[in-house]
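Let us walk through one protein model together, step by step. Have a look at the sequence and the 3D view before reading on.

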Amino acid sequence: MKPKLLIVELWGLGDLVIATPLLRAAAERFDITLLAKPYALDLQRRLWPDVRVVPFVAPWTAFKNKYRLWQWPWREIVRLLRNLAAEHFDVGLSAHAVGDPRDHLLLKLAGVRDRIGFPRVGSRIFLTRPLARPEPEAHRYESWCSVARALELELPPRGKIFIPAAPGRETVLIHSGAGQPARVWPLENYRQLAARLRGKKIPVQIACDPDQRDWWLQAGETRVATPATVTELIALTDRAGAFIGNDSGPGHLAAFCGVPTFTLFGPQLPEWFAPLHPAAEWMEGRVCPYMPCSDYCRYPVPHCLWNIGEAAVWARVEKFTAAHLQNHP
């Protein structure tokens, strides 16, 4: 009988996708339960079918007003902890790179016997196996490699992760959305980029967040897609030969669906969050004294990202699409 492993990853879509190599490797030796946001159920069907998902939206992962404790769903939290404790997990882990004491306390309150994580601000008392943090400049994937070694698993280096190719597709999927406004390259720039691609007879599918849909419709984009679920996003990705977008979850998902990605980075660093596809490319935000700023921009607009000109991006994208789309020199 396999030992029972609880993995806590309560943050964004990209964070969950980056965990894929660990989840797949651990499933061979452990009976895995993943505590994550509800869209993990969609990812589970595609990326890690042997993983059981327990959906939970942790109130401390909200972007604003996360510590209004009187608004937290305390009954749901208590019920969750009771249900997890009844599972009698042998091992539990959180791979949050800088260490998340809330995850560590959750593992302790859930009665997990062996608790692995990166300690921070006193959370070592909740862990049975505290780990040394990865280097500050390390990619998010390296934290999963660290916890994998603690489980006596070996993950492939970042540049050698096996991702099945998706050949024979001609459409470029442009996704203009992101989790926070500070990560969004101007929509007009994306419109011009799409026009340049279509001028070279390359099919383009525009996808966006709901609050961007009206802008695209008014700009004349009649077939704009607004995926409401990760499953709908996967369906769009499965028809694409290349992906262009912001530093956001859809790019990471496209990478693990076998699609080469081109990412526009602003407040975050590609050293930390570049998609894991071996053909991934990106442009980095212009220098700002506050970078990286974790999306809390001090300016009315994110100059680090908005100062990347469309012409400069096109010069890179033209070569990127020529390399990855068939029949388009």
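Axes here are lines fitted to C-alpha atoms, for helices over the stretch in contact, and angles run from 0 to 180 degrees between N-to-C directions. Helices (H or I, at least four residues) and strands (E, at least two) are DSSP runs, numbered from the N terminus. The model is predicted, so local features need pLDDT of at least 70 and side-chain atom pairs count only at pLDDT 80 or more, while totals for chains, interfaces and linings use all residues. Residues are numbered from 1 along each chain as its sequence is written, and side-chain values use heavy atoms, with hydrogens and water left out.

| Helix pair | Axis distance | Angle |
|---|---|---|
| α9 (residues 230–237) and α10 (residues 249–256) | within 10 Å | roughly 55° |
| α7 (residues 187–199) and α13 | 10 Å | about 40° |

The angle makes α9 oblique to α10; angles under 35 degrees count as roughly parallel, over 145 as roughly antiparallel, 65 to 115 as roughly perpendicular and the rest as oblique. Contact means heavy atoms within 4.5 Å. In α9, Val-230, Leu-233, Ile-234 and Thr-237 meet Pro-250, Leu-253 and Ala-254 of α10.

For the other pair, the contact involves several residues, among them Leu-193 and Leu-197 of α7 and Val-313, Trp-314 and Val-317 of α13.

Next comes the sheet. In which order do the 5 strands of the open sheet run? The order is β8-β7-β9-β10-β11, and the pairing is parallel; two strands pair if DSSP finds at least two bridges between them. At the edges are β8 (204–207) and β11 (281–283), each pairing on one side only. On average, neighbouring strands of this sheet are turned by 15° against each other, direction ignored. Inside the sheet, β9 (residues 240–246) and β10 (residues 261–264) pair in the parallel sense over 4 bridges. Here Ile-244 stands opposite Phe-262 in β10.

Helix α13 (residues 310–324) lies across β7 (171–175), β9, β10 and β11, and runs at about 175° to β11.

Finally, look at the aromatic rings. Rings of Phe, Tyr and Trp (its six-membered ring) pair if their centres lie within 6.5 Å; planes under 30 degrees apart count as stacked, over 60 as edge-to-face and the rest as tilted. By this rule there are 7 aromatic pairs. One of them, Phe-262 with Phe-320, is tilted, at 5.7 Å centre to centre and 55° between the planes. Phe-262 lies in strand β10 and Phe-320 in helix α13, so this pair ties together parts that are 58 residues apart in sequence.
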